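Visitor: I have a structure to look at with you, and I would like to go through it question by question. Please show it first.

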Amino acid sequence: MSSSFTVENAVDPLQPTPVPVEPVSKPIPLPVPNSTQSFWLDPEANPLAKAGSTGPLTSDVDICIIGSGITGVSAAYHLTRLLAERGAVSEVPNAQPLKIVILEARDFCECTITTPGRNGGHLTPVYFQFFTEYVAAHGTEDAVRAIALEQYVASSIVDLLHSTGQADAVDLVAGGRVYLLVSEDQEARAKADYEAAKAAGVDVSAVRFLGKEEVLETYGAPYPALWTPGHNLWPLKVVTHLYNLARQTASDSATSSLALHTNTPVTSITPIWTLSTPRGAIAASYILHATNAYASYLLPHLHGPTGIIPTRGQVLAVRTDMSTKAAFADYDGSEYGFPRPVQPQDGSQPLVIVGGARQSAGPGYEMYEADDSGMNPRFFPERCNASTSPDDVREWSGIMGFTDEYDVFVGPVIDPSQPEAHKGQYICAGYSGHGMTRAYGCAEAIAQKMVADLTAKEWDVPEWLPRHHITDRRKSSN
Ligand SMILES: Cc1cc2nc3c(=O)[nH]c(=O)nc-3n(C[C@H](O)[C@H](O)[C@H](O)COP(=O)(O)OP(=O)(O)OC[C@H]3O[C@@H](n4cnc5c(N)ncnc54)[C@H](O)[C@@H]3O)c2cc1C
């Protein structure tokens with residue numbers, strides 16, 4: 001039975017505003033072992049799923065990366081590349097390659113955090129959206145940088161996939177994204193943001209505003225819209241590719257070595273620095289926390305509203321006859337969807353991935369919910385109507401890491417109550433549900449910072465990194 005899902009019925013123009021909730025006092029757990037199964041986690045698509053989960057554990061390392069999501073693996077990719085470009089870190093002749101290990105609580109890239117395994121697969125950078133709000137919060141220079149970061153990440157990943165011949169393998173589709181302007185308020189804000197960004201020198205020439213008739217005819221939705229360039233892809237395959245490239249670079253350059261241990265959660269860290277896992281302990285000189293929503297498990301000072309708040313999100317894949325390649329969302333990005341590019345072999349209808357819609361979760365928006373073994377029962381009925389067969393739908397949840405300013409923690413770990421206590425530890429986390437177009441770049445910035453510190457050099461902060469992301473420049477106390 002086919003679905004009667006349409007672009008129009010996926011978007012609810014009457015979005016309630018998120019209600020801030022009080023932090024719950026219970027600490028954040030490790031990623032739960034029995035998570036819901038993501039469409040993207042097809043076992044054949046994850047050859048590294050159990051890598052390094054048995055056998056001897058790597059012992060003393062120079063750098064331990066905690067988390068094998070897009071951040072942890074991108075950091076490994078950039079670290080190996082930077083070390084290879086720089087040559088040996090030590091001046092000592094015949095110095096050993098720098099030992100890097102990635103520790104992952106679940107299967108490779110599977111957590112919630114495993115969200116590239118679990119998220120919706122957009123790679124669509126912002127062009128001007130929310131510019132005026134961003135300027136009000138962080139000033140014009142950082143608002144321009146926030147756009148530059150996303151443009152840099154999207155173009156870098158697309159270029160890398162093309163230059164290494166992987167575009168088809170990761171289902172890269174350049175369909176762009178249609179933002180439906182579902183209310184007069186959204187239309188007015190979109191136009192104001194566009195004009196403000198243009199006046200600040202942002203290149204908005206690729207953006208097109210579409211009239212209501214054109215949108216109805218082309219996409220079946222009765223709203224005006226704007227279109228921006230963008231891609232969708234299979235995130236887990238991209239992360240796997242980055243890991244393989246990192247391994248290759250490490251082995252070719254002989255300046256570093258890279259190991260991966262999945263199903264190896266880090267349960268505690270003691271000075272300086274021993275990481276405990278159920279499989280044994282690992283000594284490390286430097287640690288990178290790439291644990292996103294789960295950061296406060298190992299860094300309790302990040303628990304609460306000025307830290308990183310785990311927040312459950314949900315996605316469904318539904319069979320439908322939607323024929324456009326474009327992704328769609330409303331201007332606030334609170335609901336989105338895009339068609340899968342692969343035509344099913346069995347003649348069934350293609351899948352559309354639908355996500356966002358956190359209003360389905362009720363007033364608390366599932367903030368402080370770190371358990372993705374369950375789902376919100378309201379999500380499916382509210383996105384599909386009575387004629388949609390549950391057989392045509394696959395649903396899963398995942399945990400996002402929200403911050404008070406929707407920005408990312410990038411830099412040394414700083415606990416304001418004991419500023420020197422984490423020396424040698426770094427963090428890159430807190431994407432607030434928007435990591436695909438930021439993680440690769442933030443991981444590059446943190447890799448640069450770590451290489452600068454271990455070679456006693458100044459960190460040349462990339463121009464595209466918003467300065468308020470940097471941990472010692474954040475406005476809030478953490
Ligand atoms: C349902 C959903 C839909 C989303 N859709 C989009 C989207 O369309 N576009 C977009 O840009 N973003 C989206 N996101 C957000 C995006 O997926 C994240 O921003 C991104 O995955 C963050 O990557 P990461 O590597 O930092 O974290 P994660 O992918 O969460 O990886 C962190 C890893 O750390 C591991 N870990 C945690 N604690 C420990 C520990 N103590 N020891 C060892 N390992 C540990 C976890 O198991 C996990 O694998 C979505 C998220 C969800 C949940």
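Visitor: In which helix is T80 found?

Guide: This is a predicted model, and what follows is computed from it. T80 is found in helix α2.

Visitor: Is T80 buried or exposed?

Guide: Leaving aside its neighbours within four places in sequence, T80 is in contact with I100, A246, T249, A250 and S256. The helix that carries T80 is α2, and 13 of the 17 residues of α2 are buried, so this helix is largely enclosed by the rest of the structure. With a relative accessibility of 0%, T80 counts as buried.

Visitor: In which sense do β2 and β8 pair, and over how many bridges?

Guide: Strand β8, residues 256–261, is mostly covered, with five of its six residues buried. Within its pairing with β2, residues 98–103, A259 of β8 stands opposite V101. The two strands pair in the parallel sense, over six bridges.

Visitor: At what angle do the axes of α4 and α6 cross?

Guide: Two packed helices are described by the angle between their axes and the distance between the axes. For α4 (residues 131–138) and α6 (residues 184–199), the axes come within 7 Å and cross at roughly 60°.

Visitor: How do the residues of the contact of α4 with α6 divide into nonpolar, polar and charged?

Guide: On the side of α4 the contact is made by F131, T132 and E133, and on the side of α6 by R189, A192, D193, A196 and A197. By class, these residues of the contact divide into four nonpolar, one polar and three charged.

Visitor: How many disulfides does the count come to?

Guide: A disulfide requires a pair of cysteine sulfur atoms within 2.5 Å. The sulfur of C428 has its closest cysteine sulfur in C442, and because the two are 5.0 Å apart, they are too far for a bond. C428 counts as buried, at 1% relative accessibility. By this rule the count of disulfides comes to zero.

Visitor: Which residue does a cis peptide bond join to P271?

Guide: Most residues other than glycine have a negative phi, and most peptide bonds are trans. In the loop between β9 (268–270) and β10 (274–277), where I272 has its place, the peptide bond from I272 to W273 is cis, with omega near -25°. A cis peptide bond, with omega about -25°, also joins P271 to the residue asked for, I272.

Visitor: What phi does D171 have?

Guide: D171 has its place in the loop between α5 (140–163) and β4 (177–180), and at 13% relative accessibility D171 counts as buried. F130, in the loop between β3 (122–123) and α4, has a positive phi near 60° as a residue other than glycine, and F130 counts as partly exposed at 27%. D171 is not a glycine either, yet its phi is positive, at about 60°.

Visitor: How far apart in space are Y365 and R312, C-alpha to C-alpha?

Guide: Y365 is found in the loop between β15 (351–356) and α10 (379–383), and at 6% relative accessibility Y365 counts as buried. In sequence, Y365 and R312 are 53 residues apart. Their C-alpha to C-alpha separation in space is 7.9 Å.

Terms used
Residues are numbered from 1 along each chain as its sequence is written. This is a predicted model: local features need pLDDT of at least 70, side-chain atom pairs count only at pLDDT 80 or more; totals for chains, interfaces and linings use all residues. Side-chain values use heavy atoms; hydrogens and water are left out. Buried means under 20% relative accessible area, exposed over 50%, partly exposed in between (1.4 Å probe, protein chains only). Helices (H or I, at least four residues) and strands (E, at least two) are DSSP runs, numbered from the N terminus. Two strands pair if DSSP finds at least two bridges between them. Axes are lines fitted to C-alpha atoms, for helices over the stretch in contact, and angles run from 0 to 180 degrees between N-to-C directions. Contact means heavy atoms within 4.5 Å. Ala, Val, Leu, Ile, Met, Phe, Trp, Tyr, Cys and Pro count as nonpolar, Asp, Glu, Lys and Arg as charged, and the others, Gly among them, as polar.
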